[in-house]
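Keep the sequence and the 3D view open while reading.

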Amino acid sequence: MDVRLTRAGNRMIGLAMMMLVSAVIGTVVVAAAKSPAKPATPEPSAAAPAATPSKTPLPTKYVVLTFDDGPDVEYTPKVLEILARYDAKATFFEVGQNVQKHPELTKRIHDAGHSVENHTWTHADLRKLGAAAFRQQVASTDQVIRAQIGSTPACLRPPYGGVNAAVRQQAKAMGKDLVVWTVDSRDWTKPGTKAIVQRVLKNVHSGSVILMHDGGGNRSETVAALPTILKTLKAQGYGFRTLTC
């Protein structure tokens, strides 16, 4: 039987089809909206900070070894070798004109972990200088030392231990701390190796600042005495600190 739809019938069928398609699309959209979102990829956790290396604590029983008047091309390297052998650090009060002659020694001292400080340009008695000459002696030495170690010395050792009110005032104006000593080996008098050892060990106590020399003359007796001094101090429980001003 041949069935033919009227024009109105065709319109009704078309309308029904459109409604059906709309319903399907609406269902898909709603379903998509209700579907759980894909979980975000978790951010990688930040790496834990590296542990800060612990510094070796400063010894509580200690001495401060100081060497004046260098650097000297013959004796300073020998002193450095002995200090390294006994794992001892020291403070070197250097004369500016000697630094100018042997700048590589100043750098070597610093690179080995020792302290490099100011002992004036010509080993001048600061008590006898006016303000301008005082500044020249100290500032010129600062300059040549800074060129080798990258920092300016804050400690100033007045030659001969010469201190008075004017020296204190001028040093303060230049931002320097004056540093002398508490134990004098008097090695510069060349009293013999045994005498140098005895003078140091007889008078030492914790916190002592020991004066010796690596320049300014023949320091072979100092070099010979140093191993015994270091060995004995270590056996007595002393450590070694450097000066910081």
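## Helix α4 and its neighbours

The buried residues of α4 pack against α2 (75-85), β2 (91-94), α3 (96-101), β3 (115-118) and α5 (131-149). Helices (H or I, at least four residues) and strands (E, at least two) are DSSP runs, numbered from the N terminus. Contact means heavy atoms within 4.5 Å. Buried means under 20% relative accessible area and exposed over 50%, with partly exposed in between (1.4 Å probe, protein chains only).

In α4 (residues 103-111), the buried residues are L105, T106 and I109. They cover an arc of only 100 degrees around the axis, so they are on the same side of α4. The arc is that of the directions from the helix axis to the C-beta atoms. After α4 comes G113, with a positive phi near 95 degrees.

## Basis of the model

This is a predicted model, in which local features need pLDDT of at least 70 and side-chain atom pairs count only at pLDDT 80 or more, while totals for chains, interfaces and linings use all residues. Residues are numbered from 1 along each chain as its sequence is written, and side-chain values use heavy atoms, leaving out hydrogens and water.

I196, V197 and V200 are buried in α7. Seen down the axis of α7, these buried residues fall within an arc of 95 degrees, so they line one face of the helix. They pack against β6 (183-184), β7 (208-213) and α8. The face turned away from the buried side of α7 carries K194 and K202, which are exposed.
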